[in-house]
Amino acid sequence: MSVRRYGPVQPKTFAFTAENLAWCDKLIARYPEGRQASAVIPMLWKAQEQDGWISEACVRWISEHLGMPYIRVYEIVTFYTMFHMAPVGRTHVQVCGTTPCMLRGAGDLIAVCKSRMGNVAKQVTEDGQFSWEEVECLGACVNAPLVQIFSDTYEDLDTNSFNALLDAFARGESPKPGPQIARTFSAPEGGPLTLTEVES
Ligand code: FES
């Protein structure tokens with residue numbers, strides 16, 4: 001598991017846009033009095049959508065807004081790798097490095113990341129396009145190995161398909177998420193292998 005801590009350069013303040021603040025207040029109003037803390041994860045996600053990452057000032061602002069101890073929000077941000085604690089590239093690649101993915105070639109994907117984006121994880125390339133990091137299980141082990149980019153996973157990768165995927169992002173395209181081989185979700189490659197006979 002990689003170390004989770006704030007990036008070295010932090011803004012002094014955080015603010016939602018008026019539109020996002022209205023979205024947060026509407027969300028908070030859904031919860032019964034005293035349960036406003038339930039809004040914490042969607043609010044963090046909205047903050048990340050807005051700024052691209054979660055700053056220390058953001059964690060402080062959200063904890064104060066929800067009446068939560070700062071440490072409770074900090075714990076959430078450090079636990080879930082979907083939250084970025086420092087600025088990331090426009091295409092931030094999270095490679096699953098847990099055992100099933102490792103057994104299926106995650107090491108090759110990490111080698112591609114290092115060759116295209118630099119040896120050191122969480123460093124943004126000079127053009128601002130890419131950054132990468134290794135994370136723990138992304139919950140789609142049956143389609144190992146895979147990466148997560150933004151909210152989507154790209155599965156059943158090998159070095160060729162992964163390079164093609166990164167090329168597509170570099171061209172500004174939006175590649176189709178899911179398996180990058182000929183199968184639907186986690187169904188067998190090429191189509192069903194069982195229950196193939198249809199009774200009349
Ligand atoms: S081990 Fe990689 S998704 Fe679960």
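Which residues of helix α2 are buried?

Reply: A word on the source comes before the details. Residues are numbered from 1 along each chain as its sequence is written. This is a predicted model, in which local features need pLDDT of at least 70 and side-chain atom pairs count only at pLDDT 80 or more, while totals for chains, interfaces and linings use all residues.

The buried residues of α2 are V40, M43, L44 and A47; a residue is buried if 20 or more other C-beta atoms, placed from the backbone, lie within 10 Å of its own. They cover an arc of only 100 degrees around the axis, which puts them on the same side of α2; the arc is that of the directions from the helix axis to the C-beta atoms. An α-helix has 3.6 residues a turn, so residues three or four places apart point the same way.

The partners of these buried residues are α1 (18-28), α3 (56-66) and α4 (70-79), against which they pack; two residues are in contact if their C-beta atoms, placed from the backbone, lie within 7 Å.

Helix α2 covers residues 40-51; helices are DSSP runs (H or I, at least four residues), and strands are runs of E with at least two, both numbered from the N terminus. Just after α2, G52 takes a positive phi of about 90 degrees.

Elsewhere, strand β3 (residues 147-149) pairs with strand β4 (residues 152-155) in the antiparallel sense over 3 bridges; pairing requires that DSSP finds at least two bridges between two strands.

How values were computed:
The expected span of a helix is 1.5 Å times one less than its number of residues. A residue is buried if 20 or more other C-beta atoms lie within 10 Å of its own, exposed if 12 or fewer, and partly exposed in between; C-beta atoms are placed from the backbone.
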